[in-house]
Amino acid sequence: MPIPPAYALVATDLDGTLLRRDDTVSPRTRSALGLAAAAGARHLVVTGRPVPGVRELLAGLGYQGLAVCGQGTQVYDAGSGRLLRAVSLDREAAAAALGKIEAQVGEVFAAVDQSGTDGRTLMEPGYLLPHATLPAQRTRHRDELWAEPVLKVLVRHPELGDDALAAEARAVVGDLATVTLSGPGTVELQPYGVDKGVGVALAAEYLGLDPVTAIAFGDMPNDLPMFRRCGYGVAMANAHPLLRAAADEITRSHEDDGVAVVLERAFG
């Protein structure tokens, strides 16, 4: 399918998409983003990571634009270091959702991303963080997860795979939370009705742009709402089958400059 003729916005996920496994952006991809910028397109980072888990990374990339963080719960201005918008997950609803999931599938292990630009990631005993480079603190008991407002809850099961756990969770949590699969070992609960698509729409509004003019890049089912809001969706070669099926185009993997390949064609 041809890329649309309007190139106002380039929306990129981070993990598994823009970033290589070592959390770096290749020189070729940096150059391709520069081509887009020179043509007048704005770059919008759209990530499941909360602001504290991405702030230093964005600074290292020299990124000064807006970033949709925490699965759409935060719109962050990297240039000024300010949160423009933030939504918290009701902690009673989160605890109730976990209870429903455990009634359905047995014991799960949980972690939370706290609200704010300095919120912590807390893990209850037994939870294994899927992304080893992200900072997190261990608690002694699940109750400690709810000490401060939270953006989202991360859930793992000792036996069920990601897709199965996400499906079981969706079947029981109802309107207590939105269930998202954002990466290997990363099933998440976030505020009901909030997702990356909502975040992209809000960020685009701040920029005075229409997300329909955006090219979006992603690799996991949590990027589906972003694809639905944007005019053109590009899945990485390493993407989840659900996202590949929904994409307008499948590019190379995040290790093989997949974002750059498309941007060079669109803006070169």
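Apart from residues up to four places away in sequence, His-240 touches Asp-163, Leu-181, Asp-219, Met-220 and Pro-221, contact being taken as heavy atoms within 4.5 Å. The structure is a predicted model, in which local features need pLDDT of at least 70 and side-chain atom pairs count only at pLDDT 80 or more, while totals for chains, interfaces and linings use all residues. Residues are numbered from 1 along each chain as its sequence is written, and side-chain values use heavy atoms, with hydrogens and water left out.

His-240 is placed in the loop between strand 13 (232–235) and helix 8 (241–246), where helices (H or I, at least four residues) and strands (E, at least two) are DSSP runs numbered from the N terminus. His-240 counts as buried because its relative accessibility is 12%; buried means under 20% relative accessible area, exposed over 50%, and partly exposed in between, with a 1.4 Å probe and protein chains only. The side chain of His-240 also makes a polar contact of 2.7 Å with the side chain of Asp-163. Such a contact is a pair of N or O atoms within 3.5 Å, of which, within protein, one must be able to donate a hydrogen and the other to accept it, and residues adjacent in sequence count only if both atoms are side-chain atoms.

Strand 14 pairs with strand 13 in the parallel sense over two bridges, and Glu-249 of strand 14 is the bridge partner of Val-234.

Helix 9 (258–267) is mostly covered, with seven of its 10 residues buried, namely Gly-258, Val-259, Ala-260, Val-262, Leu-263, Ala-266 and Phe-267. The elements that cover these buried residues include strand 1 (9–12), helix 1, helix 2, strand 12 (214–218), strand 13 and strand 14. In the loop between strand 14 (249–250) and helix 9 lies Asp-257, which has a positive phi of about 60 degrees although it is not a glycine, and which counts as buried because its relative accessibility is 17%. A positive phi, of about 65 degrees, is likewise found at Asp-23, again not a glycine. Asp-23 lies in the loop between helix 1 and helix 2 (27–38) and counts as buried because its relative accessibility is 16%.

Asp-257 also lines the largest cavity, together with Thr-17, Leu-18, Arg-20, Ser-26, Thr-29, His-254, Gly-258 and Val-259. On a 1 Å grid over the protein atoms alone, a cavity is a set of points where a 1.4 Å probe fits but cannot get out, whereas a pocket is an open set with protein on both sides within 12 Å along at least five of seven lines; lining residues have an atom within 4 Å of a point. Helix 1 (14–18) and helix 9 are the elements that give two or more residues to its lining.

The largest pocket has a volume of about 830 Å³, a volume being the space filled by probe spheres set on the grid points, which are joined across faces, edges and corners. Its lining comprises 43 residues, of which Asp-15, Arg-49, His-131, Leu-134 and Thr-186 lie nearest its centre. These lining residues divide into 12 nonpolar, 16 polar and 15 charged, where Ala, Val, Leu, Ile, Met, Phe, Trp, Tyr, Cys and Pro count as nonpolar, Asp, Glu, Lys and Arg as charged, and the others, Gly among them, as polar. At least two lining residues each come from helix 1, strand 9 (150–156), helix 5 (162–173), strand 10 (178–183) and strand 11 (186–190), and strand 10 provides the largest share, three residues.

In strand 11, five of five residues are buried; Thr-186, Glu-188 and Gln-190 point one way, and Val-187 and Leu-189 the other. Strand 11 pairs in the antiparallel sense with strand 9 over three bridges, Leu-154 standing opposite Glu-188, and in the antiparallel sense with strand 10 over five bridges, Thr-178 standing opposite Gln-190. The hairpin of strand 10 and strand 11 has two residues between the strands, and in this hairpin Gly-185 takes a positive phi near 70 degrees.

Definitions and conventions: Two strands pair if DSSP finds at least two bridges between them.
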